[in-house]
Amino acid sequence: RGLRGGAGRALLLRVTPAFPPRRPPRPSAHVLDLLPGGRVGPHVDSVKFCGCTIAGLSLLSPSVLRLRSLQDHRDWLELLLEPGSLYVLRWVWGNPGEPPW
């Protein structure tokens, strides 16, 4: 879904400061509206479609984001996302200390 309407533009303006300076959010988004008890199964986001940054916004209810290492599935992290919370994840590559943009 696009974020081109008035509400979408307002949302982009609010979250833009959380993104890297030269990598603002894209004007299109993948929007999931889950039923109570709904979930998104394990997956890997594609840099081809998402760019180097992905973000999620929890609107109406708390949710849990689980991140798991592709190298060692015993390494994982769970984050509680309260309503109104925003997370931004950046894919970093290249030499240590070299910014990805």
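E78 is partly exposed, with a relative accessible area of 41%; here buried means under 20% relative accessible area, exposed over 50%, and partly exposed in between, using a 1.4 Å probe and protein chains only. The structure is a predicted model, in which local features need pLDDT of at least 70 and side-chain atom pairs count only at pLDDT 80 or more, while totals for chains, interfaces and linings use all residues. Residues are numbered from 1 along each chain as its sequence is written, and side-chain values use heavy atoms, with hydrogens and water left out.

The side chain of E78 meets that of R66 in a salt bridge, at 3.1 Å from N to O. This pair links distant parts of the chain, with R66 in strand β2 and E78 in strand β3, 12 residues apart. A salt bridge is defined as a side-chain nitrogen of Lys or Arg within 4 Å of a carboxyl oxygen of Asp or Glu. Side chains of opposite charge can pair when their charged atoms come close. By the salt-bridge rule the count comes to 2. R74 also forms a salt bridge, with D72, and the closest N and O atoms there are 3.0 Å apart. In this pair R74 counts as exposed at 69% relative accessibility, whereas D72 is partly exposed at 22%.

The protein as a whole contains 2 helices and 4 strands, and along the sequence they follow the pattern α-α-β-β-β-β. These elements are DSSP runs numbered from the N terminus: helices are H or I with at least four residues, and strands are E with at least two. Of the 101 residues, 16% count as buried. The protein exposes about 8,300 Å², of which carbon and sulfur atoms supply 58%; accessible areas come from the Shrake-Rupley method with a 1.4 Å probe, and for residues only the protein chains shown count as cover. Among contacts with a separation of 6 or more, residues 24 or more positions apart account for 50%, where contact means heavy atoms within 4.5 Å.

Helix α1 covers residues 6-15, and its buried residues are G8, L12 and V15. They lie on the same side of α1, because they cover an arc of only 75 degrees around the axis; the arc is that of the directions from the helix axis to the C-beta atoms. The buried residues of α1 pack against β4. The face of α1 turned away from this buried side carries the exposed residues A7, R9, L13 and R14. L13 has a relative accessible area of 67%, and its C-alpha atom is separated by 9.9 Å from that of P24, 11 residues apart along the chain.

Not counting residues up to four places away in sequence, L86 touches V15, A18, A55, G56 and L57. The C-alpha atoms of L86 and G56 are separated by 5.7 Å, although these residues are 30 apart along the chain. L86 is partly exposed, with a relative accessible area of 35%. Together with L57, L59 and L60, L86 makes a nonpolar surface patch of about 430 Å². Patches are made of residues with over 30% relative accessible area and no salt bridge; like charges are joined within 9 Å, and nonpolar side chains (Val, Leu, Ile, Met, Phe, Trp, Tyr) within 5 Å. L59 is found in the loop between β1 (53-57) and β2 (63-68), and is exposed at 61%.

The loop between β1 and β2 also holds S58, which counts as buried at 6% relative accessibility. The side chain of S58 reaches the backbone oxygen of S61 at 2.8 Å. This is a polar contact, defined as a pair of N or O atoms within 3.5 Å; within protein, one must be able to donate a hydrogen and the other to accept it, and residues adjacent in sequence count only if both atoms are side-chain atoms. Leaving aside residues up to four places away in sequence, S58 touches S63, L81, E82, P83, G84 and S85.

S85 sits in the loop between β3 (76-81) and β4 (86-90). A polar atom of the S85 side chain lies 2.6 Å from the backbone oxygen of E82. With residues up to four places away in sequence again not counted, S85 touches G56, L57 and S58.
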